[in-house]
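I opened this notebook to record what I looked up in the structure shown here. The entries follow the order in which I consulted it.

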Amino acid sequence: MEYDNHSAWQRHAPWIIRLTLAVVLLLASGMLILLALSQTDKIADKSLLGLVFGSFVIFCAGFVFLLTSFGKMRLTWRAFMRSRGRFTKAEKMIMQERAELARAQAAAAELARDLFEGNLRTQNPPWEVVLRNNEQAICTANANYARFYGSDVSYMHSSGFLMGHPTLVAAGVLAMALGNKARRSQAEAMAKEQWREQQLVLAVITNQRVICRRQDGAWVSFDYLAATSMDVDSATGTMILQFPSTEPLMLGGTGGLYAAVTAIWAVRGPQGLERHPGLAYLRTLEHNQLN
């Protein structure tokens, strides 16, 4: 969270500097106005207009610094309150998510160590899951699930015949055009490729694939060797798999980390666990634990 690891001066400097500049600029603006008022009979209208305009520009700059100083004051105050153990509901939620991610990373690091050392601990999958020959279920965990694809979206185009006063007709035509444009823009935004179906799923991680039970009860399977690319970031706890014949898959959380470790081990072997850049953070955790 912002400013939590900063020194006292680093926390206070942003709002102090902005507030100081705001006071200086607002005073300078006031002085220019007073100067203009005192010189109305002595200087030309263009010079007077220039003083007024300059005062206005300086005032606007000072007002912006004043407003931004309040935002920095709030960040400093929240950092102070957090240092006293007083958190808002949103901050508590962020801390909980970070703690869950840290636990998942520690568990994934332990799984990577076991796989690297050849200590494969299999378990029985849920009764609904049918494993293949020579397929072993390694672990089961919840995962954040999403798929990346576009969508066909339609919208209602308004049109009609308007009668009445020309001004009212013109206003009606303009309103319909604006409405159609807004609906078209909304439809285009909804149709763009984006991460969809975001939900919490049960992920069964095996030595060949990850099997996910979606919230609608359907089981979907993703083979590691069928993927064309595998993007892993253990620092954020996410794995993205791309396939030639289906939409990309993103898994996060504990299940996502377990799947990332197992997929790299299944595809690259122990060397993958030792060298894959996406697992660098987990290797750092393991190194710290050993020391």
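I began with phenylalanine 59 and phenylalanine 63 in helix α2 (residues 45–83), which are separated by about one helical turn because they lie four residues apart. I note that the model is a predicted one. I then looked up the exposure of each residue. Phenylalanine 59 has a relative accessible area of 40% and is partly exposed; phenylalanine 63, at 39%, is also partly exposed. In total, I found three aromatic pairs in the structure.

Which residues make the nonpolar surface patch? I found Ile33, Leu34, Leu37 and Val52, and the patch covers about 360 Å². Helix α1 (residues 8–38) gives the most to this patch, namely three residues.

I checked the length of helix α3, which comprises residues 89–116. At 1.5 Å a residue, its 28 residues should span 40 Å, and the end C-alpha atoms are 40 Å apart, so the two values agree. The buried residues of α3 include Glu91, Gln105, Leu111, Asp114 and Leu115, together with several alanines, among them Ala104 and Ala108. After α3 comes glycine 118, for which I noted a positive phi, near 85°.

Technical notes: Residues are numbered from 1 along each chain as its sequence is written. This is a predicted model: local features need pLDDT of at least 70, side-chain atom pairs count only at pLDDT 80 or more; totals for chains, interfaces and linings use all residues. Side-chain values use heavy atoms; hydrogens and water are left out. Helices (H or I, at least four residues) and strands (E, at least two) are DSSP runs, numbered from the N terminus. The expected span of a helix is 1.5 Å times one less than its number of residues. Buried means under 20% relative accessible area, exposed over 50%, partly exposed in between (1.4 Å probe, protein chains only). Rings of Phe, Tyr and Trp (its six-membered ring) pair if their centres lie within 6.5 Å; planes under 30 degrees apart count as stacked, over 60 as edge-to-face and the rest as tilted. Patches are made of residues with over 30% relative accessible area and no salt bridge: like charges are joined within 9 Å, nonpolar side chains (Val, Leu, Ile, Met, Phe, Trp, Tyr) within 5 Å. Accessible areas come from the Shrake-Rupley method with a 1.4 Å probe; for residues, only the protein chains shown count as cover. A salt bridge is a side-chain nitrogen of Lys or Arg within 4 Å of a carboxyl oxygen of Asp or Glu.
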